[in-house]
Each structure stands twice: as C-alpha cells, then as structure tokens.
Amino acid sequence: MIKVLFVCHGNICRSPMAEFVFKKMVREAGLDKQFHIESRATHTDEIWNGQGSPVYPPAKAKLAEVGISCSGKTAQLLVKSDYKDYDYIIGMDTENSRWMPRILGRTSTSQMEEDRESRKISLLMDYTDRPGSVADPWYTRDFEATYRDVVEGCTGFLKYLQDKGLV
C-alpha cells in the first residue's frame, strides 16, 4: 500500500483539495485499494483545543462542483511520526517545504538531500512541468486556479508512480 500525505499551512484549502482529488483519481483508475491518502497542516491556525476546522467553504464548493465530497474532513496537524507512517509527504508550497522537514525531524543536510532524491518529501508541482507552489486561494480567492494546479500536480504524481512501476 502506498501512503500519501498532502500538506499545506492550515489543512482547509489546498491539501484537502489534493487529498480528495487524488482519492478520486486513484478510485477512477481502479487503484484505490493500493493507496492510503490523507492531508495535514504545518500550523495550528485552524486547530483549536484539538478540534480542526472543516474544509474552507469555497474549497468545499469547488470540489462539490466537480462531484467530489469532502464531508467530515477537518484540519489535522502534521506530526513527527507522519514521517515513518507515509511513503510520500507532498507540500503545496515553498513555505511548507521549509516547515515540513523541521516538523518531521529531518533537519540535517544529508537527511534533506536523501528525502529530495527519494521524493519522500516533495512539492506537488514538482510532478509537473511547472515546479513551484500551488496557487494559494486563501489570498487570491481564485479556487479555480488552485483546483487546476491540484489536478495537474495529482495527475503528474500518479504518472510518476506509474512510470516507476509502483502502481
């Protein structure tokens, strides 16, 4: 089983969009039994007293528009043990790529190089022809652009796994 974890700042927009888009992609490809897919936050902005906020309403609406339900999803925090629990930990932007190794306990240069080479820790857009950050709808309010980036990144990631013969 391939365990995939998508990560963004608050776990209410981009990473849940990636989680549910990727779940739909693998389900439609008949591969859902080969995957465990979740998402997390690098910060506690959307988590109070252990209770996470639900998916941000405009992100939830965008997913619903394309027939994807994310009901029941609430923000969860990335923790050190996620490093051993997941095969791929995929961030949504460069800010998160700075926080993820620290949270996961991967602070030495050699550890970070090893993670980059193995793609254990990466950015979603690294799997596209446009490496960089997924558009942040929290600031732009452009959930369509974010959705397009997420679909492009998830498609590229699935192709990467297929090309490697992992699925």
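Start by selecting helix 2 (residues 57–65) together with helix 7: their axes come within 10 Å and cross at roughly 60°. The crossing between helix 2 and helix 7 is right-handed. Keep in mind while you look around that this is a predicted model.

Now show side chains at this contact. On the helix 2 side, pick Pro58, Ala59, Lys62 and Glu65; their partners in helix 7 are Phe143, Glu144 and Tyr147. Colour them by class and you get four nonpolar and three charged residues, with no polar ones.

Step past the end of helix 7 to Gly165, which has a positive phi, near 75°.

Then bring in helix 1 (residues 14–28), whose axis comes within 9 Å of that of helix 7, the two crossing at roughly 50°. That angle makes helix 1 oblique to helix 7, and the crossing is right-handed.

Which residues of helix 1 meet helix 7? Select Arg14, Met17, Ala18, Val21, Phe22, Met25 and Val26. Across from them in helix 7, go for Phe143, Thr146, Tyr147, Val150, Val151, Cys154, Thr155, Phe157, Leu158 and Leu161. By class, this contact of helix 1 with helix 7 has 14 nonpolar residues, two polar and one charged.

Methods:
Residues numbered from 1 in each chain as written. Predicted model: local features only at pLDDT ≥ 70, side-chain atom pairs only at ≥ 80, totals over all residues. Heavy atoms only, no water. Helix = DSSP H or I, 4+ residues; strand = E, 2+ residues; numbered from the N terminus. Axes fitted to C-alpha atoms, helices over the stretch in contact; angles between N-to-C directions. Parallel < 35°, antiparallel > 145°, perpendicular 65-115°, else oblique. Left-handed = near helix turned anticlockwise from the far one by under 90°. Contact = heavy atoms within 4.5 Å. Nonpolar A, V, L, I, M, F, W, Y, C, P; charged D, E, K, R; others polar.
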